[in-house]
Amino acid sequence: VEAAEGGTLERHRKRIRDLIDSSNARNKEFLKALIIADKGGISPSEKEAFNRTGVAHILAISGLHVGVVALFAYSAALFLLKRSERLMLAVNIRKAALAFSFLPVFLYGMTAGFPVSTVRAVIMAGAFTVTFFLDRGRDFLNTLALSALVILLITPYSVWDLSFQLSFAAVFGIIYMTPGLDRLFPAEKKDGGPFEKKGRLVRLRSAVSGRLKDAFLVTLSAGAATAPILAYNFHRVSFVGLAANLVAVPLTGAVVPLLLVSSLASAVSTGLASVFLTLADLVFSLILMTVKAFASLPYSSVWVTTPTPFEIILYYALLFFAVNLNRDRRLKYAALVVAALIAADQGYYGWFNKSHDLRVTFISVGQGDSGLVETPEGATMLIDGGGVWGGFDIGEKVVAPFLWSKKIKRIDCLVLSHAQRDHMDGLKFIAENFSVGEFWWNGVGSLGGLGKTLEERGV
């Protein structure tokens, strides 16, 4: 039976893949990523654009996508149920719509092939559905904790999984921080007469501004809650992430339901499925246009050193005090103390965190060589940087993270022993993203891309 079910599911996924591949869609690989969790065809340069703008999460099916499907299904079911007065009198149509919404969520998870991040999102959606049926739907934090407990009972190792950490940090941030931020930016109060006289136009403007404010605060909360986790694991902070997400996330909320409807329609009519697929492709073109525009901006993202556990604790403490300022004025002083500790921490690593000994560290780069020399005066020398093998950039994935973990952002002397790929190619990323004082080499051979980068940086 399991083999038959697996075969049916795989045939369904293959039908969707073939439908997308045979279509005239311009964003085929992205559409496959959003419906069957196949990101293999997305080029490294395209992934980099999403990483630079802080919207890479929309390419991995997780809580955002499952939540979009649940909201779409719930809204559609509630709209249909409200068309019948008899049903409205006979049953609780909100609970009925909620029960129906979980079916498309489960179907979406199946269509995606139930990757780990999707399974967790479906479990989370199920937990929220159950709590609403038990009339505990407003107890969001306990529901979130229940979701985490169920997931950890099934897969205890998930607590160390990055997607688990990001998903729950984002949802926790939205649940806990958004109301606090809303209190910091209260809505404009109406004074009665003048507003009432203007009628519908003012109410429409108020509704639109309210929705925009909610979207801004939700995006800000999720971004702020996940920033340290992203910085710790990816050593990157996007300065355009808030603006890019404000555009990309709502558009993703249109693409995903269209793709799900297209996938379901493909079992009945290829022509009908193609219509919804074309619409999804058009909307995703807007997402891609937005991402590329933001990614092209100077300093759209920056590389950062690895935050320490102490720094992460200080960051979250500052967030806690900030969102609760209106509850207790004494928290302002606590926030100032935490801000001072953060400044002192940065000053320590910038000026006082120096070794009293000459230290040489050999970095494991596989084939090739790389070594870091640190002098008692705080100067740094990087000798060789390994190479690039099979699309894996040793400089970006190994050497740079090691330097960031030691809070090193400047290489005083970059040294190349000889111009061979297994010693040279990893240095290109270092030259592009670190401050480099001098470059030494024996002058034999060609530096290739490394030479061009050094010339552009004025080294």
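## Helix packing and local backbone features in a predicted model

The protein chain contains 19 helices and 9 strands. The coordinates come from a predicted model. Along its principal axes, the C-alpha trace spans about 85 × 60 × 50 Å. Of the 459 residues in the protein chain, 39% are buried. Among contacts between residues at least 6 apart in sequence, 66% join residues at least 24 apart.

**Helix H13**

Helix H13 covers residues 270-295. Its 26 residues, at 1.5 Å a residue, should span 38 Å, and the end C-alpha atoms are 36 Å apart, which agrees with that expectation. The buried residues of H13 are Ala273, Leu277, Ala280, Asp281, Val283, Phe284, Ser285, Ile287, Leu288, Thr290, Val291 and Ala295. An α-helix has 3.6 residues a turn, so residues three or four places apart point the same way. Ala273, Leu277, Ala280, Phe284, Ile287 and Val291 are among the buried residues of H13.

The following table sets out the geometry of two packed pairs.

| Helix pair | Residues | Axis distance | Crossing angle |
|---|---|---|---|
| H18 and H19 | 426-433 and 449-456 | within 9 Å | roughly 10° |
| H4 and H12 | 63-81 and 241-265 | 9 Å | about 70° |

With a crossing angle of roughly 10°, H18 and H19 are therefore roughly parallel to each other. Their crossing is left-handed. On the H18 side, Leu427, Lys428, Ala431 and Glu432 take part in the contact, and they meet Gly449, Leu450, Thr453 and Leu454 of H19. By class, the residues of this contact comprise 4 nonpolar, 2 polar and 2 charged.

For the other pair, helices H4 and H12 pack at an angle of about 70°. That angle makes H4 roughly perpendicular to H12. The crossing of H4 and H12 is right-handed. Leu64, His65, Val68, Val69 and Phe72 in H4 meet a set of H12 residues consisting of Val249, Thr252, Gly253, Val256, Pro257, Leu260 and Val261. The contact of H4 with H12 is made up of 9 nonpolar and 3 polar residues, with no charged ones.

**Leu81 in H4**

Leu81 also belongs to helix H4. Its relative accessibility is 19%, so Leu81 counts as buried, the cut-off being under 20%. Leaving aside neighbours within four places in sequence, Leu81 is in contact with Leu87, Met88, Ile93, Ala96 and Ala97. Leu81 and Val91 are 10 residues apart in sequence, and their C-alpha atoms are 9.8 Å apart in space.

**Positive phi in two loops**

Most residues other than glycine have a negative phi. Ala37, although not a glycine, has a positive phi of about 60°. Ala37 lies in the loop between helix H2 (28-36) and helix H3 (44-52). Ala37 counts as partly exposed because its relative accessibility is 33%.

Phe114 likewise has a positive phi, near 50°, and is a residue other than glycine. Phe114 is found in the loop between helix H6 (93-111) and helix H7 (116-133). At 27% relative accessibility, Phe114 too counts as partly exposed.

Notes. Residues are numbered from 1 along each chain as its sequence is written. This is a predicted model: local features need pLDDT of at least 70, side-chain atom pairs count only at pLDDT 80 or more; totals for chains, interfaces and linings use all residues. Side-chain values use heavy atoms; hydrogens and water are left out. Helices (H or I, at least four residues) and strands (E, at least two) are DSSP runs, numbered from the N terminus. The expected span of a helix is 1.5 Å times one less than its number of residues. Buried means under 20% relative accessible area, exposed over 50%, partly exposed in between (1.4 Å probe, protein chains only). Axes are lines fitted to C-alpha atoms, for helices over the stretch in contact, and angles run from 0 to 180 degrees between N-to-C directions. Angles under 35 degrees count as roughly parallel, over 145 as roughly antiparallel, 65 to 115 as roughly perpendicular and the rest as oblique. A crossing is left-handed if the near helix is turned anticlockwise from the far one by less than a right angle, and right-handed if clockwise. Contact means heavy atoms within 4.5 Å. Ala, Val, Leu, Ile, Met, Phe, Trp, Tyr, Cys and Pro count as nonpolar, Asp, Glu, Lys and Arg as charged, and the others, Gly among them, as polar.
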